[in-house]
Amino acid sequence: MKLTQDLSRTRLSDIKNLYLRAFPAAERKPFYMIRKKQSEGSMEILSIESDAGDFLGLAITILYKDIVLLDYFAVDDIQRNNGTGSSTLRLLFERYSGKRFLLEIEAPDIPSENTPERIRRKAFYLRNGMTVMPFRVNLFGIEMEILTNGPQVTFDEYHAIFTNLFSPWIASKIKQVSQKS
């Protein structure tokens, strides 16, 4: 398995189609903005592929200083439950070795229509070496937990990603909602 950043038009279409299927509209950034940020060097759009070059999924990261935020991660439906997700996380950890690696998940203890999915998602990340940060955020109206695979970040460091790479309006839609001691 491999991560590929050199994307053909067809592969970029595969990624965009999975992106639109896998993430609710309220959680998606406009794809053109992701492409623009990639051209500026502050985001990476990665294709998850088999060794034979078959499309397995996507990983979209935000790069800021020594922090990498896994902004979007999705494995194609037919590739789930066979180790693709865990293998991809290991590849991402290797790719960004030496950086603080973060991701956001919907808080599983907040009642929702997809509570079982949220619980499974958190368990998956915990099984794969991620730990929960001591703060939560309200990200555009959705309460999220922040997970890391290594050194922690503060809320201010996390928020700086959005303050420095996106618009003030986007940064204003991200608030800290709780802090564990």
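A polar contact is a pair of N or O atoms within 3.5 Å; within protein, one must be able to donate a hydrogen and the other to accept it. Keep that in mind for the first stop. The model on screen is predicted.

**Stop 1: Glu-49.** Select strand E2, residues 43-49, and go to Glu-49. Its relative accessible area is 8%. Buried means under 20%, so Glu-49 counts as buried. Now show the side chain of Arg-11. A polar contact of 2.7 Å joins it to the side chain of Glu-49. Leaving out residues up to four places away in sequence, Glu-49 also touches others, including Met-1, Lys-2, Asp-54 and Leu-56.

**Stop 2: the aromatic rings.** The whole structure holds 13 aromatic pairs. Select Phe-135 and Phe-155: this pair is edge-to-face, with 5.9 Å from centre to centre and 85° between the planes. Phe-135 sits in strand E6 and Phe-155 in helix H5, 20 residues apart. Both Phe-135 and Phe-155 are buried. Phe-155 and Tyr-158 share helix H5, about one turn apart.

**Stop 3: the largest pocket.** Its volume is about 1,300 Å³. Select Phe-23, Phe-73, Glu-117, Arg-121 and Tyr-125, which lie nearest its centre among 42 lining residues. The lining has 22 nonpolar, 9 polar and 11 charged residues. Colour strand E4 (67-75) and helix H4 (115-127): these are among the elements that each supply at least two lining residues.

How values were computed. Residues numbered from 1 in each chain as written. Predicted model: local features only at pLDDT ≥ 70, side-chain atom pairs only at ≥ 80, totals over all residues. Heavy atoms only, no water. 1 Å grid on protein atoms, 1.4 Å probe; cavity = no way out; pocket = protein on both sides within 12 Å on 5 of 7 lines; lining within 4 Å. Points joined across faces, edges and corners; volume = space filled by probe spheres on them. Helix = DSSP H or I, 4+ residues; strand = E, 2+ residues; numbered from the N terminus. Nonpolar A, V, L, I, M, F, W, Y, C, P; charged D, E, K, R; others polar. Buried < 20%, exposed > 50% of the residue type's maximum accessible area, 1.4 Å probe, protein only. Contact = heavy atoms within 4.5 Å. Phe/Tyr/Trp six-rings, centres within 6.5 Å; stacked < 30°, edge-to-face > 60°.
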